[in-house]
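Subject: Structure handover

Hello,

The structure is pasted below. My notes follow it.

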Amino acid sequence: MIQFDAVHKRFPNGTTAVHDLSLEMPEGGVTVLVGSSGCGKTTTLRMINRMVEPTSGTIQVGGKDITQQDAAELRRSIGYVIQQSGLFPHRTVLDNVATVPLLLGWGRRKARSRAAELLETVGLAADTGRRYPHQLSGGQQQRVGVARALAADPPVLLMDEPFGAVDPVVRTQLQDELLRLQQELSKTIVFVTHDIDEAVRLGDQIAIFRTGGHLVQCATPTELLARPADDFVADFLGAERGLKLLSLTSLAAVPQAPVPEGGTWTLVLDDARKPVHWASKSEPDAQIPVRPLKDTDSLLSALNESVASPTGLIARVDADGVLTGVSSRDDIHEHAGNAHTEARVAA
Amino acid sequence: MYELFKDLGSWLVSGEQWQGTDGIAHRLAEHLQYSLLSTLIAAAIGLPLGLLIGHTGKGAFVAINLASFGRALPTVGLVVLVFLASGLSMTPVYVALVALAVPAIVTNTYAGMTAVDPDVKDAARGQGMRGHQVLFQVELPLALPLIMTGLRLALIQVVATATIAAYVSFGGLGRYVFDGLAQRDLVQVMGGAVLVAVVAIGLDLALSGLQRFLFRHRTA
């Protein structure tokens, strides 16, 4: 667990970056710090590994005051990923990943074999290790950055806008990958971003900062979306706040029915009973694509799919992609409304 | 004019001219010895200074102003000044040549250090490297191409200027220039000048080739 207690940071030029911050970041969870630029979120993150020293207040990591430890040793025990990856351009990818194990004196052979193992963990091919950072794409470089941070198996991982410089498609992949990794590793992650969608997607807890270094609200994504503390938070969450909440609720509870007989549109299945597309009886050439949804998909994607479907029905499938039934637009709407009510009551 | 070049040609290639203590081979060896020793001493002074200024960011004005100071420094004046103070020895020559070489080394080393991506330095510190580890494992290797450029420029300047050793009665290729001037032997003057130019240009080409080979994997 990371604990901030009345932490204040004023820079020598007089600007206050962090104002009287008290905050707990639970063990094994992802805490996302969001806010517009200059709100102190990066400073807050950098105070955890003493890249920035607080003006007053205390910070504890795992119950120990961080100022009682040697700064370099503290940093070796905390993974650190930054936006432009910050890889060493003169070292191979493998040696980049082996940085902290080497600093800890593991010996070259052991450090390298650990590094090779981590490249696999973050989804990079083994031969990537022999290459130099500039030979990799932006997304691959970020993966290497994550691997380097994980190399010595630190309990805490600090990530400063790690996916800010990659395109949206790669960013989504990297987010998925991080969520998968986190399920395996259960690190205490502190993640800085200015992208609220990324925060909602990754955070177990979201802390919203306002310019001047004020923490405005810290809550679970559901709580935040259902009950923003003030207009600043509501504005920051954006006009689609209601829909974002639906992205956090699965559609498992929405009832299913067999595919109805008759009507203009029929759902075409392949031999394995997997949905292919909607076909029209009156116009044989007309086909509308279908995106079947699993129980783990969100209510938001169900809503989206039902709007795009010619019948208002969505195709539901099991884990193998085999059709289990359909759900109607009305049922989805009803559950969407319920999800909001429940979130408000719970929060 | 044509006669002059013909004489110069035969002066440069005659076997006799290459032998003995006043032969080209011996003078060339002396010249290289003065130049390499001066550059080494200058590197011993300039490299730590440039690295220190670049690493700490303190005293940057020194590194920047040294360059113009180096350009403005009258080398011959300095030789005479130290000569008057210390008497007849190689000291005035080495002092002048080292003073000539240090600015190029400091300025380029400093430039190389400041060109290191701040994100990379931040990441190095953030992974838990101590100050000296950041310096020797990250900053120095990344600044190396520019540091080598500084050493190369310093050596070329020193080679071109080491003729002044002859001015205070010592050897080197400058011997031909000063003796030739004293004897009104134009061929000998030109021979010395051409040799100095060839050595300087040759070293420059060889060293820049070496640099290109060593840093062939670097992008920038």
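First, a term. A residue counts as buried if 20 or more other C-beta atoms lie within 10 Å of its own, as exposed if 12 or fewer do, and as partly exposed in between, with C-beta atoms placed from the backbone. Helices (H or I, at least four residues) and strands (E, at least two) are DSSP runs, numbered from the N terminus.

This is a predicted model: local features need pLDDT of at least 70, side-chain atom pairs count only at pLDDT 80 or more, and totals for chains, interfaces and linings use all residues. Residues are numbered from 1 along each chain as its sequence is written, while chains are lettered from A and ligands numbered from 1 in the order in which they are written.

Helix α13 of chain A

α13(A) covers residues 329–346. At 1.5 Å a residue, its 18 residues should span 26 Å, and its end C-alpha atoms are 26 Å apart, which agrees. The expected span is 1.5 Å times one less than the number of residues.

The buried residues of this helix are A:Asp331, A:Ile332, A:His335, A:Ala336, A:Ala339 and A:Ala343. They cover an arc of only 140 degrees around the axis, so they sit on the same side of α13(A). The arc is that of the directions from the helix axis to the C-beta atoms. The face turned away from that buried side carries exposed A:Asp330, A:Gly337, A:Thr341 and A:Val345.

What do the buried residues of α13(A) pack against? They meet α9 (221–226), α11 (241–246), α12 (299–308) and β15 (323–328) of chain A. Contact means C-beta atoms, placed from the backbone, within 7 Å.

Domains of chain A

Chain A is assigned domain 1 (2–246) and domain 2 (265–346). The bounds come from an automatic or database domain assignment. The two domain centres, taken over C-alpha atoms, are 36 Å apart. Seven residues from domain 1 of chain A and nine residues from domain 2 of chain A make the contact. On the domain 1 side, α9 and α11 of chain A give two or more residues each.

Chain B

Chain B has 11 helices and zero strands. Its C-alpha trace spans about 70 × 45 × 30 Å along the principal axes. Of its 220 residues, 38% are buried. Of its contacts with a separation of 6 or more, 71% join residues 24 or more positions apart.

Between the chains

15 residues of chain B are in contact with 18 residues of chain A. α7 (118–126) and α8 of chain B each supply at least two residues of the chain B side. α7(B) gives the most, with six residues. The chain B side divides into six nonpolar, five polar and four charged.

The largest nonpolar core

A nonpolar core is a set of buried Ala, Val, Leu, Ile, Met, Phe, Trp, Tyr and Cys residues joined through C-beta atoms within 7 Å. The largest one has 139 residues, and A:Val97 and B:Ala101 touch the most other members. Helix α8 (residues 131–161) of chain B gives the most to this core, with 14 residues. Domain 1 and domain 2 of chain A each provide at least three residues.

Leaving aside neighbours within four places in sequence, B:Ala101 is in contact with B:Ser38, B:Thr39, B:Ala42, B:Ala154, B:Gln157 and B:Val158.

Best wishes

Definitions and conventions: Two residues are in contact if their C-beta atoms, placed from the backbone, lie within 7 Å. Ala, Val, Leu, Ile, Met, Phe, Trp, Tyr, Cys and Pro count as nonpolar, Asp, Glu, Lys and Arg as charged, and the others, Gly among them, as polar.
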